[in-house]
Amino acid sequence: MKILYAASEATPFAKSGGLADVAGSLPKALVKDGVDARVIMPLYGDLKMRDKLEYVTNYSVPVGWRSQYCGLFKAEVNGVTYYFLDNEYYFKRRGLYGFYDDGERFAFFSRAVLETLFYIDFTPDIINCNDWQTALVPVYLNLYYRHLDKFNRIKTIFTIHNIAYQGKYGTDILEDTCGIGRRDQHIVEYDGCANFMKGAFETADKITTVSPTYAQEILDPWFSYGLDALLREKQYKLCGILNGIDYDVWNPHRDPLLPAHYDISRREGKKTCRRALMEGFGWDDDGRPLIIFVGRLTEQKGVDIMLEALERFMPDKIYALIIGSGNEFYNRKLADFEASHSASVRTVTAFSEERAHLAYAAGDILLMPSLFEPCGLSQLIAFAYGTIPVARATGGLADTVIDADSSPDGTGFLFADYSISELEAALNRALMAKEEPERWNRIVRNAMKEDFSWNSSAKEYAALYRDVITAD
């Protein structure tokens, strides 16, 4: 079985969020199970590990009415072959997204994924596309390549990591930039716009999401960002498979970024990690619980209600460490919050892998008050490090966190309504449990025993791939 995993980012080469973790970990797990899984992604200007890249060839890629250069490079990491598509005009920039021409950049990338197959000795059974940046791959495959022998048996799967980002543009982008003529524009038109994700819904053989609950939630207008009617129509090809995490990266027993190691049976190293973090941030530790947040600073992640809820535990009930990156509005809010509670709060608004690892290891409680959460990786990482999530019961959080007040197997504390008072009450329940050492120790052990490795999820993907390949 041959799988080409098309993504706009993948660890260890480029990362802005959870997609990169999945694109770096799932193919690795598939390869271990005997699947020939390869990754294809853009060659960004600030790509990491550039010294590992090997030049293969170059060719032209149609972009609307013109052609653009594409250089092909490759590298092998953890047994996985990565292909990198190079065009300096589109990709030699600082950062991955947020540019005025993102629609054109990823239309080029989607077309280039297919053109690349003419130049490599690899014809996939399935191209697994991810989010709007690769949503035009199945569209282009059906419109312009399906009649060719090399392409006529290729199937496509489209994975939604976050339906809020759909690749929406004016319809004038379609013909001149995307090369999709008037006769075919209905495939990607939706609600008066060009919608790349809608095109994938129409043309992919299967649609997946990154948790079973999220697959059901996006059929509801509250979660779908306008696409619920179309998804209900396509529900026959929709399913959810829970993400995993890579325990080669997230493992307190051998994490190279920690000052001390620990595991479920010997947790003294967690205290050493706390001590290192406290000293690093200039705190004189008096033993208060350490509450952490690690994630993007956006409305989706619940930053607004989080700050209001934390306010109610100031000035002396907790320490709070917030690590993440976002827009200037949230950066200012965090700066003001820290200034108001300088003895108890620290914020880091430039994401740091080293500080994130140390925070997971040092923390007592992880906050995830998400408005919605397709899967969430932070709670899975927190489990591994013995840090207990307080999370809203939505998407993958509902699928992975067991409320400790509802079950003896509890691994965290859940709340239902997106509100300050609900978050405050859930955090208060966690803090009360923390005051009972025997109970808290049981919750921590439950969390650290959880196994969210890619092993089981990769098997689910492999089974899905086989079903799609053999379907008529």
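Select strand β1 (residues 2-6): this strand is mostly covered, with 4 of its 5 residues buried. Buried means under 20% relative accessible area, exposed means over 50%, and partly exposed lies in between (1.4 Å probe, protein chains only). Strands (E, at least two residues) and helices (H or I, at least four) are DSSP runs, numbered from the N terminus. The model is a predicted one, in which local features need pLDDT of at least 70 and side-chain atom pairs count only at pLDDT 80 or more, while totals for chains, interfaces and linings use all residues. Residues are numbered from 1 along each chain as its sequence is written, and side-chain values use heavy atoms, with hydrogens and water left out.

Two strands pair if DSSP finds at least two bridges between them. Pick Leu 4, whose bridge partner in β2 is Arg 38.

Now select Asp 36, which is in strand β2. Is Asp 36 buried, exposed or partly exposed? Asp 36 has a relative accessible area of 27% and is partly exposed. Leaving out residues up to four places away in sequence, Asp 36 touches Met 1, Lys 2, Ile 3 and Phe 122; contact means heavy atoms within 4.5 Å. Draw a line from the C-alpha of Asp 36 to that of Val 80: they are 8.2 Å apart in space and 44 residues apart in sequence.

Go to strand β7 (residues 155-160). In β7, 6 of the 6 residues are buried, so the strand is largely enclosed by the rest of the structure. Show its side chains: Lys 155, Ile 157 and Thr 159 lie on one side, Thr 156, Phe 158 and Ile 160 on the other. Strand β6 (residues 126-130) runs parallel to β7 and is joined to it by 5 bridges. Ile 127 stands opposite Thr 156 in β7.

Next, select Phe 201. Among its contacts are Phe 158, Ile 160, Leu 227 and Lys 234, not counting residues up to four places away in sequence. Which residues touch the most other members of the largest nonpolar core? They are Phe 84 and Phe 201, in a core of 97 residues. A nonpolar core is a set of buried Ala, Val, Leu, Ile, Met, Phe, Trp, Tyr and Cys residues joined through side-chain atoms within 4.5 Å. Another core, of 76 residues, lies apart from the largest one and includes Trp 250, Leu 307, Ala 382 and Leu 414.

**A sheet of three strands**

Select β8, β9 and β10. They form an open sheet in the order β8-β10-β9, with antiparallel pairing. β8 (168-169) and β9 (189-190) stand at the edges with a single partner strand each, so one side of each has no neighbour in the sheet. β9 pairs with β10 (residues 193-195) over 2 bridges. Tyr 190 has Cys 193 in β10 as its bridge partner.

Move to strand β15 (residues 345-348). Val 345 and Thr 347 point one way and Arg 346 and Val 348 the other, and all are buried. Strand β14 (residues 319-323) runs parallel to β15 and is joined to it by 4 bridges. Ile 322 has Thr 347 as its bridge partner in β15.

Then select helix α13 (residues 353-362), where 7 of the 10 residues are buried. Including Ala 356, Leu 358 and Tyr 360, the buried residues of α13 pack against α10, β13 (290-294), β14, β16 (365-368) and α14 (378-384).

Pick Leu 366 in strand β16. Leu 366 counts as buried, at 0% relative accessibility. Its C-alpha atom is separated by 5.9 Å from that of Ile 291, 75 residues apart along the chain. Apart from neighbours within four places in sequence, Leu 366 is in contact with residues including Phe 293, Tyr 360, Ala 382 and Pro 389.

Ser 370 lies in the loop between β16 and α14. Ser 370 is also buried, at 1% relative accessibility. Beyond its neighbours within four places in sequence, Ser 370 has contacts including Gln 300, Arg 392 and Tyr 418.
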